Amino acid sequence: MNRLWPAVSRAVARVTDSALGPYQTAVLRIGVALTWLLFLLREYPHRQELYGPDSPWSWDLAAQLVGANDAFTVLLWSDSQVWFEAVYALAVLFSLLLLLGWRTRTMTALFMVGVLSLQNRSVFMGDGGDNVLHLMAIYLLFTRCGHVWSLDARRARRAARARARGERTHDAVGPALWAVLGVVLLLGSLAGRTDGDWFIPALLWAVWLGQAGWWLAGRLARTDQPRILLDVVGNVAHNGALLVIMAEACLIYATAGWYKVQGSRWQDGTAVHYPLHLEYFSPWPSLAGLLTASGTLVMLVTYVTVVVQVAFPFTLFNRRVKNVLLGFMILEHAVIAVVLGLPFFSLAMIAADAVFLPTSFLCRAGGLAARARGRLRPRGDAVPVPPPRRPDGPPGRPSAVGPAQAAPVTDGVPGPRT
């Protein structure tokens with residue numbers, strides 16, 4: 001009993017003091033936003049048939065279905081062509097801004113609105129990846145996915161450096177964006193456009209009011225206690241959402257695996273053969289024929305797929321085994337994207353798998369990306385640093401140490417000495 005309470009206390013402190021998995025949620029944000037953005041751009045020439053006035057699932061049929069299941073979509077607020085084009089264009093814009101991590105808290109809400117609006121307009125469009133995007137778009141709203149690898153993180157670093165120099169920082173974009181979205185929410189509520197589904201509008205109002213409370217706590221509170229309290233609430237919501245995302249990914253794999261176990265084609269080891277010879281799933285018939293030329297290979301891939309999907313949730317307790325199976329599943333999704341012609345389903349699943357990637361691996365990948373970006377960036381903005389001076393030398397006279405040992409300063413931050 002004496003050991004239990006310290007362990008519980010440490011666990012509570014860990015959950016409330018920080019947002020866990022910042023790199024994992026950042027990769028999830030980037031992956032989900034990139035998947036939806038690429039889908040919208042690829043289907044832009046066909047947008048009218050998918051979600052617009054020319055869709056086989058007509059506006060009246062969509063209105064009847066939404067009236068029955070209370071799904072949320074702003075596309076049914078009007079049947080105007082201009083309204084549809086505006087919603088589609090804004091969905092593309094919100095995806096891009098979320099990918100870059102600009103005003104992440106607001107963009108997660110707007111990204112969710114764009115995903116739900118288009119998918120609930122035509123519910124039969126998708127390849128399975130749309131269901132993953134649908135869920136992840138909602139879960140991302142509760143995460144603090146902009147702490148790293150985002151424009152928000154860069155702005156926060158610059159603001160911290162400015163405050164360290166004694167400068168005052170002023171953010172006019174955030175309050176202006178908050179006011180505009182508040183007006184839009186209010187007009188939509190007063191017009192009765194949100195009467196069907198109560199959850200999504202209530203969630204949007206909660207985010208809007210939460211942003212106001214966060215701003216007031218940082219500007220008007222005389223002590224740090226309100227901001228600390230809101231920070232704890234944000235950490236708890238983030239960590240809870242991260243746990244739900246991980247459980248959702250495990251549930252997807254476990255359900256798929258156990259259903260496969262019950263199928264006769266999966267039991268006899270021939271299930272992988274059949275989709276590779278369907279015309280709809282064979283963009284590269286010669287490649288599919290090459291993969292199915294060996295019956296032994298087909299049997300091995302079939303059985304290994306089932307074993308990995310069933311076993312993956314249980315391997316979370318062993319990091320090494322989990323990483324091996326995770327690498328196999330990511331490779332499998334990459335093969336599915338190419339061989340079966342399902343790139344967006346595979347991208348959505350890889351993005352969901354990213355929450356299980358080790359932090360050390362993500363940090364190394366981020367470091368490699370930063371070094372590659374540094375090589376591509378021109379060095380004309382480097383600020384020269386004066387040569388170091390001797391501690392005992394007269395002021396104004398440089399030491400014998402040459403300037404070659406001084407590191408350049410980029411973006412105001414001195415680099416390490418060589």
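## Overall make-up

The protein chain of this predicted model contains 17 helices and two strands, where helices (H or I, at least four residues) and strands (E, at least two) are DSSP runs numbered from the N terminus. Of its 418 residues, 37% are buried, a term that stands for a relative accessible area under 20%, with exposed meaning over 50% and partly exposed in between (1.4 Å probe, protein chains only). Among contacts (heavy atoms within 4.5 Å) between residues at least 6 apart in sequence, 72% join residues at least 24 apart.

Residues are numbered from 1 along each chain as its sequence is written, and side-chain values use heavy atoms, with hydrogens and water left out. Because this is a predicted model, local features need pLDDT of at least 70 and side-chain atom pairs count only at pLDDT 80 or more, while totals for chains, interfaces and linings use all residues.

## Confidence

The average pLDDT of the protein chain, that is, the predictor's confidence in each residue from 0 to 100, is 86, and 90% of the residues score at least 70. Over residues 391–418 the pLDDT is below 50, although this stretch has 37 contacts in the model beyond near neighbours in sequence. Where pLDDT is low, the predicted coordinates should not be read in detail.

## Helices H10 and H11

Helix H10 (residues 199–219) and helix H11 (residues 225–261) have axes that come within 8 Å and cross at roughly 145°; the axes are lines fitted to C-alpha atoms, for helices over the stretch in contact, and the angles run from 0 to 180 degrees between N-to-C directions. The crossing in which H10 passes H11 is left-handed, meaning that the near helix is turned anticlockwise from the far one by less than a right angle, whereas clockwise would be right-handed. On the H10 side the contact involves Gly213, Trp214, Ala217 and Gly218, and these meet Pro226, Arg227, Leu230 and Asp231 in H11. By class, this contact has four nonpolar, two polar and two charged residues, with Ala, Val, Leu, Ile, Met, Phe, Trp, Tyr, Cys and Pro counted as nonpolar, Asp, Glu, Lys and Arg as charged, and the others, Gly among them, as polar.

With 21 residues, H10 reaches 30 Å from its first C-alpha to its last, close to the 30 Å expected at 1.5 Å a residue, the expected span being 1.5 Å times one less than the number of residues. Its buried residues are Ile200, Pro201, Leu203, Leu204, Val207, Trp208, Ala212 and Ala217, and what covers them includes H6, helix H9 (173–190) and H11. Further along, H11 also holds Tyr259, which counts as exposed because its relative accessibility is 59%. Tyr259 and Val306 are 47 residues apart in sequence, yet 9.3 Å separates them in space, C-alpha to C-alpha.

## Helix H8 and its surroundings

Helix H8 (residues 151–164) has 14 residues and a reach of 20 Å from first C-alpha to last, close to the 20 Å expected at 1.5 Å a residue. Asp152, Ala153, Ala159 and Ala162 are buried in this helix, and the cover over its buried residues includes helix H6 (104–121). After H8 comes Gly166, with a positive phi near 85°.

Most residues other than glycine have a negative phi. Arg103, in the loop between H5 and H6, is not a glycine and yet has a positive phi of about 50°; Arg103 counts as buried because its relative accessibility is 12%. Trp149, in the loop between helix H7 (129–140) and H8, likewise has a positive phi, near 55°, and at 33% relative accessibility it counts as partly exposed.

## Two buried positions

Gly52 sits in the loop between helix H3 (47–50) and helix H4 (59–69) and counts as buried, because its relative accessible area is 3%. Leaving aside neighbours within four places in sequence, Gly52 is in contact with Arg47, Phe84 and Arg121, while Leu75, 23 residues from Gly52 in sequence, is 8.8 Å from it in space, C-alpha to C-alpha.

Ser95, in helix H5 (residues 81–100), is buried at 0% relative accessibility. Not counting residues up to four places away in sequence, Ser95 touches Ala33, Trp36, Leu37, Leu40 and Phe111.
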